[in-house]
Amino acid sequence: MTVFRAYDHRRDAAAFRALNQRTFRDSVPPGEPVDEAEFRKHHAWLLEHFAPQDPARSTVFVAEVDGQYAGHIWIGTQTDFFTRRVDPWIFDISVLPEFRRKGIARGLHDHALKHLRATRQATVGLQVMAHNDVAAKFYAKLGYKARASSLVRKV
Ligand SMILES: CC(C)(COP(=O)(O)OP(=O)(O)OC[C@H]1O[C@@H](n2cnc3c(N)ncnc32)[C@H](O)[C@@H]1OP(=O)(O)O)[C@@H](O)C(=O)NCCC(=O)NCCS
């Protein structure tokens, strides 16, 4: 049985941290050099700064399959560069590999949308890395449309 529920820091912190760290590490484009120790330090800073356990900064829902941690959605906020409007922003949706393609991420997203509607939010956004084709397909399926793209080049 699959259950979608609120994040419980005492129970979920280790599983959340491990899966989120893996997703964020995989978000670094292939070929970009990474100092692994620095990356882990940075990830610890992200968790401290954006605090998944703090409802003032983050909203997290967890998916459990037969009592096992299967994935999560982590929502924070993003300030719009042009208008300074603060909108909900998906920091991470991740499902453990053994639970993928079973509708769990879609279920997490549906659960989060209900919460965002109940709290009267009008939009939700996210960033998807250019090399993450699976995530791009997933978000397209869920109705997300590109609003901008970020470009970079060597100097
Ligand atoms: C992206 C991710 C969250 C999808 O999780 P999931 O539970 O497997 O997704 P769902 O089963 O709910 O899929 C919903 C729809 O998304 C699309 N989709 C999901 N995975 C896909 C894949 N590998 N290839 C193509 N389309 C895919 C499909 O349209 C799917 O519907 P369908 O199965 O009826 O065809 C999962 O692959 C993951 O955790 N990836 C690593 C972390 C990541 O990159 N997260 C996003 C960046 S923050």
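A residue counts as buried if 20 or more other C-beta atoms lie within 10 Å of its own, and as exposed if 12 or fewer do. The views below are of a predicted model.

**View 1. Helix α4 lies largely in the open.** None of the nine residues of α4 is buried, so the helix is largely open. Gly-143 follows α4. The phi of Gly-143 is positive, near 100°. Across the chain, buried residues account for 17% of the 155 residues.

**View 2. The shell around the ligand holds 18 residues.** The closest are Arg-100, Ala-105, Arg-106, Ala-135 and Phe-138. The largest share, five residues, comes from α4. By type, the shell divides into seven nonpolar, four polar and seven charged residues.

View 3. From the N terminus, the elements run β-α-α-β-β-β-α-β-α. The radius of gyration is 16 Å, close to the 15 Å of the globule rule for 155 residues, so the chain is as compact as a globular protein of that length. The C-alpha trace spans about 50 × 35 × 30 Å along its principal axes. Among contacts with a separation of 6 or more, 57% join residues 24 or more positions apart.

**View 4. Five strands build an open sheet with mixed pairing.** The strand order is β1-β2-β3-β4-β5. The edge strands are β1 (2-6) and β5 (125-126), and each pairs on one side only. Two bridges join β4 to β5 in the parallel sense. Here Trp-89 stands opposite Gly-125 of β5. Helix α3 lies across β1, β2 (59-65), β3 (68-79) and β4. Helix α3 runs at about 45° to β3.

**View 5. Strands β2 and β3 form a hairpin.** Their pairing is antiparallel, over seven bridges. Val-65 stands opposite Gln-68 of β3. Two residues lie between the strands. In this turn, Asp-66 has a positive phi of about 45°.

**View 6. Strands β3 and β4 form a hairpin with six residues between them.** The two strands run antiparallel and are joined by nine bridges. Ile-75 has Ile-90 of β4 as its bridge partner. Arg-84 sits in the loop between β3 and β4. Arg-84 is not a glycine, yet its phi is positive, at about 65°. Is Arg-84 buried or exposed? Arg-84 has 7 other C-beta atoms within 10 Å, so it is exposed.

**View 7. Arg-120 lies in the loop between α3 and β5.** Arg-120 has a positive phi of about 60°, although it is not a glycine. Arg-120 has 6 C-beta neighbours inside 10 Å, so it counts as exposed.

Technical notes: Residues numbered from 1 in each chain as written. Predicted model: local features only at pLDDT ≥ 70, side-chain atom pairs only at ≥ 80, totals over all residues. Near = placed C-beta within 6 Å. Helix = DSSP H or I, 4+ residues; strand = E, 2+ residues; numbered from the N terminus. Nonpolar A, V, L, I, M, F, W, Y, C, P; charged D, E, K, R; others polar. Rg over C-alpha atoms; globule rule 2.2 N^0.38 Å. Contact = placed C-beta atoms within 7 Å. Pairing = 2+ DSSP bridges. Axes fitted to C-alpha atoms, helices over the stretch in contact; angles between N-to-C directions.
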